[in-house]
Amino acid sequence: MMIDTHCHLYDEAFDLDRSQAVQRAVDAGVNLMLLPGIDSQSHAAQEALEAQFPEYFRQMMGLHPTSVNSDFESELAIVQQKLFDPQRHYIGVGEIGLDLYWDKTYLEQQSVVLRRQMQWARDLSLPVCLHVRKAYNELFGLLRDLNYGSYRGVMHCFGGSVQEAQRAVEMGFYIGIGGVVTFKNATLAEVAKAVPLERILLETDAPYLAPVPYRGKRNESAYIPVVASKIAELRGIPLRQVAETTTASAKDLFAL
C-alpha cells in the first residue's frame, strides 16, 4: 500500500476518465489519495470526488496562495466556515503557503492568509500542507515570527535546497517528494537522499509534474510507485521499505 499525499484528481483534466484514473491508482497499490483545497471554484468537484469514492479519498481545506488577491477575505471566510463545521471532516489545512514565482504583488496578503490558516490549524489540532514556491526565505521568516516551537505538516512538492529541507525537518515538517525527483539534475534527488526516510511523504500533485518517463504528460496517482522506486534507487534500499515507511509517516501525520 502507498498513499498519494497530494493530488488534484478533481481537476478538470480528469473529467473524461476520472473513475478509470482512480482504478489505475488502486491497481498500482495506491489505496489512499489526499485532496488539498485550492479555492471556492474547486470545492464542489473536490467534495463530489470524495463522496463518489469515500474509501480512497480524504480531504484537506485551505486557500492556495495563488488564489489570494485583494478580495481574499471572502475566500478565507468560506475556508473558515468549512473547517470549523462539525459536520465535516478534514485531515489537514491546505494547501496553504507563499508563492512568489509569478510576482510579489500580493506577498503581504499571502502572508496574512497563511498566518490566519496556520492559527486555524492549531485551533483544530490539524497538520498543515504548505505550498512554497520561490519563497523559502520569506516562509522561514514567517514561521520564525509565529514562534510555535515545533510544527506539524508537510512542505508539499518541495523545491528548496538540501539545507532548507533539513531546516524544515528540524522544525517538524515532512518533505513531500513527487515526480520532479526523477528529472535529470534535479536538486530534489539530493534532498531525497539527505532527508531521513521517516520524514519523506510520497505525492504526485496530479495532474501536474508527471515523473519520467511520463514527463510532459498528465500526471496521475497511479505513478506514485515510479516516485517510490526512484527514492529507493537513490537511497540504495528496497522499494518495500520506502512504501512501508512513507505510508506509516502519512498515516501518523494525517491521523489516517
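## The second largest pocket

In this predicted model, the lining of the second largest pocket comprises six nonpolar, two polar and two charged residues.

## The largest pocket

The largest pocket holds about 800 Å³ of space. It is lined by 30 residues, of which His131, Arg133, Cys157, Asp205 and Leu209 are the closest to its centre. Strand S4 (93–99), strand S5 (128–133) and helix H7 (187–194) are the elements that each give two or more residues to this lining. By class, the lining divides into 14 nonpolar, ten polar and six charged residues.

Leu209, one of the residues closest to the pocket centre, is located in the loop between S8 and H8. Leu209 is partly exposed, at a relative accessible area of 34%. Its phi is near 60°, a positive value in a residue other than glycine.

## The enclosed cavity

Rolling a probe the size of a water molecule over the atoms shows where empty space is left. The count comes to one cavity of 30 Å³ or more, and the largest cavity contains about 40 Å³ of space.

The residues that line the largest cavity are Cys157, Gly178, Gly179, Val180, Leu188, Glu203, Thr204, Asp205 and Leu209. They divide into four nonpolar, three polar and two charged. Cys157, Asp205 and Leu209 are part of this cavity lining and are also among the residues closest to the centre of the largest pocket.

His156 lies in strand S6. Its relative accessibility is 3%, and His156 therefore counts as buried. Apart from neighbours within four places in sequence, His156 is in contact with His6, Glu95, Cys129, Leu130, His131, Gly176, Glu203 and Asp205.

His8 is found in the loop between S1 and helix H1 (18–27). It too counts as buried, at 5% relative accessibility. With neighbours within four places in sequence set aside, the contacts of His8 are Phe14, Pro36, Ile38, Glu95, Asp205, Ala206, Pro207 and Tyr208. His8 and Tyr208 are 200 residues apart in sequence, yet their C-alpha atoms are 8.7 Å apart in space.

## Cysteines

No disulfides are found in a search of the whole structure. Cys7 takes part in no disulfide, and the nearest cysteine sulfur, that of Cys129, is 11 Å away. Cys129 is likewise in no disulfide; for Cys129 the nearest cysteine sulfur is that of Cys157, 9.9 Å away.

Cys7 is buried, with a relative accessible area of 0%. Cys129 also counts as buried, at 1% relative accessibility.

## Helix H9 and its packing

Helix H9 (residues 239–254) has 16 residues. From its first C-alpha to its last it reaches 22 Å, close to the 22 Å expected at 1.5 Å a residue. Its buried residues are Val242, Ala243, Thr245, Thr246, Thr247, Ser249, Ala250, Leu253 and Phe254.

The buried residues of H9 pack against strand S1 (2–4), strand S2 (30–35), strand S6 (153–156), strand S7 (173–177), strand S8 (200–202) and helix H8 (224–235). Just after H9, Ala255 adopts a positive phi of about 50°.

## Backbone geometry

Most residues other than glycine have a negative phi, and most peptide bonds are trans. Asn147 has a phi near 55°, a positive value in a residue other than glycine. This residue lies in the loop between helix H5 (136–146) and S6, and Asn147 is exposed, with a relative accessible area of 63%.

The peptide bond from Gly94 to Glu95 is cis, with omega near 5°. Pro213 is situated in the loop between S8 and H8.

Terms used
Residues numbered from 1 in each chain as written. Predicted model: local features only at pLDDT ≥ 70, side-chain atom pairs only at ≥ 80, totals over all residues. Heavy atoms only, no water. Disulfide = S-S within 2.5 Å. Buried < 20%, exposed > 50% of the residue type's maximum accessible area, 1.4 Å probe, protein only. Helix = DSSP H or I, 4+ residues; strand = E, 2+ residues; numbered from the N terminus. Expected span 1.5 Å × (residues − 1). Contact = heavy atoms within 4.5 Å. 1 Å grid on protein atoms, 1.4 Å probe; cavity = no way out; pocket = protein on both sides within 12 Å on 5 of 7 lines; lining within 4 Å. Points joined across faces, edges and corners; volume = space filled by probe spheres on them. Nonpolar A, V, L, I, M, F, W, Y, C, P; charged D, E, K, R; others polar.
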